[in-house]
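Open the model in your viewer and keep the selection panel at hand.

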Amino acid sequence: MPPVARYTRFVALSKHSLWGVAVLVVGIVVWVASDNSGENGSRMVFSHAEKTTQNLQNMMTHPHYQGVDAHDRPFTVIADKAMQVDADNVSLANIRADMTMASGSWVALNSGTGLLNTKTKKLALKGGVDMFYEGGYEFRSDHAQVDINQGNAYGDAPIEGQGPLGTLKANNFTVLNHGQVIRFNDSVRMTLYR
């Protein structure tokens, strides 16, 4: 038999033999793992598996939470990521929310992170809060608490804003009745446009 034919036959035989060896190795691993009855029996150990002391949590990407408040006014909360903290609380990242006021106009806000209690419909916002009101008003604060069910919000951090009438700075704020009443408190500084 010519050398080329022998080499071709060797390659073909080796190809099939490799599959046989692979099946044999997998079979041995499965047999060793399943035959583990003795105290000193063989064990399969994953030495590079990551260990964690935290409980596993449910996570959702791009959640969209819609509902109505106590006065049947719609609201929406959207985020990039949501993680279930417990039965009632959901941690959110990169939040966008909007609510409709009694007059039919809207209020919207954005925040870096937040904690939504789905039972009480309260939303704690952190990491920079931007609030937008219909009519061209925008306010910024570090953090805020929103009671979606009552249509109220408050923040004990400094707030600054601007709109068609001018600019404003204050040490804290309160929003009542879905934005019908907005109170700015402590060291309020306002510049009105002519």
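Is Phe139 buried or exposed? Select Phe139: the residue is buried, because its relative accessible area is 8%. Buried means under 20% relative accessible area, exposed means over 50%, and partly exposed is in between (1.4 Å probe, protein chains only).

A word on what is on the screen. This is a predicted model, in which local features need pLDDT of at least 70 and side-chain atom pairs count only at pLDDT 80 or more, while totals for chains, interfaces and linings use all residues. Residues are numbered from 1 along each chain as its sequence is written, and side-chain values use heavy atoms, with hydrogens and water left out.

**Stop 1: the aromatic rings**

Rings of Phe, Tyr and Trp (its six-membered ring) pair if their centres lie within 6.5 Å; planes under 30 degrees apart count as stacked, over 60 as edge-to-face and the rest as tilted. Phe139 is in strand E8 (residues 137-141) and Phe184 is in strand E14 (residues 181-185), so the pair links parts of the chain 45 residues apart. Helices (H or I, at least four residues) and strands (E, at least two) are DSSP runs, numbered from the N terminus. Phe184 counts as partly exposed, at 21% relative accessibility.

Tyr133, Phe139 and Phe184 make one aromatic cluster.

**Stop 2: the core**

Next select Val77, Leu92, Leu123, Leu125, Met131, Val146 and Ile148. Within the largest nonpolar core, which has 27 residues, these touch the most other members. Such a core is a set of buried Ala, Val, Leu, Ile, Met, Phe, Trp, Tyr and Cys residues joined through side-chain atoms within 4.5 Å. Among the elements that give two or more residues to this core are strand E5 (89-100), strand E6 (106-117) and strand E7 (122-133).

**Stop 3: the whole chain**

Switch to a cartoon view. The protein chain has one helix and 15 strands. Of its 194 residues, 26% count as buried.

**Stop 4: an exposed strand residue**

Finish at Leu192, in strand E15 (residues 189-192). Leu192 is exposed, because its relative accessible area is 60%.
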